[in-house]
Amino acid sequence: MEQIISYFESINPILAALYATLFTWGLTALGASLVFFFKGYNRAVFDGMLGFTGGVMVAASFWSLLAPGIEMSPGEGFVKVIPAVVGFGLGALFLFGLDKVLPHLHVNFKESEKEGVKTPWHKTTLLVLAITLHNIPEGLAVGVLFGGVAAGFDGATIGGAVALAIGIGLQNFPEGFAVSMPIRRQGASRWKSFMYGQSSAIVEPIAAVIGAWAVMTFQPILPYALSFAAGAMIFVVVEEVIPETQRDKYTDIATLGFIGGFIVMMTLDVGLG
């Protein structure tokens, strides 16, 4: 792990953000590849994996984003928390707007429950777009953190950025599976199901590069950018991930998965950051 951190310290931060999110994209593809080996999925395991995803995202929002953002903010008392409040609110509003505009369908929802503007797009496309919404703030968070390290902000470390990338990669694995398997059950070929599953994470490297570039170019926005990514991730968890895990009888398993995901992400961030 020390060699990995040293390597990321030695390269351009934008390139580091790109490599880190290519890793998270790769784990999405690995999860999607399970469609080649399984004909179906166990709903209890599926809900537990989704719960794990939510736990990682919530823990990352605080330990990797909000806490460092507040720490590096100037001022004292209420003044010190203003960037976090503004950024968090804007991040949530940004995802709220995308949720209302972008056509998508959550994994465990019926086709009649699709969200966003009305469209004739196939259910398969809507499923991919739903997971893509998850991945925008995740890629942005990794990029912003790498950019913050390059800008020399206290509280932003390569170890923390690597920990965030690992945590997001771990929860991307079940997300890839969560897209590919339902598409396979609709009658699509295994290859087509895999391609749809992995494509949901293409947005992560793009968002990461944009985030790193923005922070390096406009350094004062870093506390706001970190909180922005946190607000977007929390919105996704509350509006999408948790409801998806509560539509069947395995809510307890999903809750335990959430706790496990939170513990894993917290451990990674504290241990490496």
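Helix H3, residues 43-71, packs against helix H4, residues 78-101, at about 145 degrees, with the axes 8 Å apart. Axes are lines fitted to C-alpha atoms over the stretch in contact, and angles run from 0 to 180 degrees between N-to-C directions. Helices are DSSP runs of H or I, at least four residues, numbered from the N terminus. H3 brings Leu66, Ile70 and Glu71 to the contact; H4 brings Lys80, Val81, Ala84 and Phe88. Contact means heavy atoms within 4.5 Å. Five of these residues are nonpolar, none polar and two charged. Ala, Val, Leu, Ile, Met, Phe, Trp, Tyr, Cys and Pro count as nonpolar, Asp, Glu, Lys and Arg as charged, the others, Gly among them, as polar.

A word on the source. This is a predicted model: local features need pLDDT of at least 70, side-chain atom pairs pLDDT 80 or more, while totals for chains, interfaces and linings use all residues. Numbering starts from 1 along each chain as its sequence is written, and side-chain values use heavy atoms, without hydrogens or water.

Now H9. It bends by about 40 degrees at Val237, the angle between axes fitted to the seven residues ending there and the seven starting there. Of its 24 residues, 17 are buried, so the rest of the structure largely encloses H9. Buried means under 20% relative accessible area, with a 1.4 Å probe and protein chains only.

The largest nonpolar core has 48 residues. Such a core joins buried Ala, Val, Leu, Ile, Met, Phe, Trp, Tyr and Cys residues through side-chain atoms within 4.5 Å. H9 gives the most to this core, 11 residues.

Methods: Helices (H or I, at least four residues) and strands (E, at least two) are DSSP runs, numbered from the N terminus. Buried means under 20% relative accessible area, exposed over 50%, partly exposed in between (1.4 Å probe, protein chains only).
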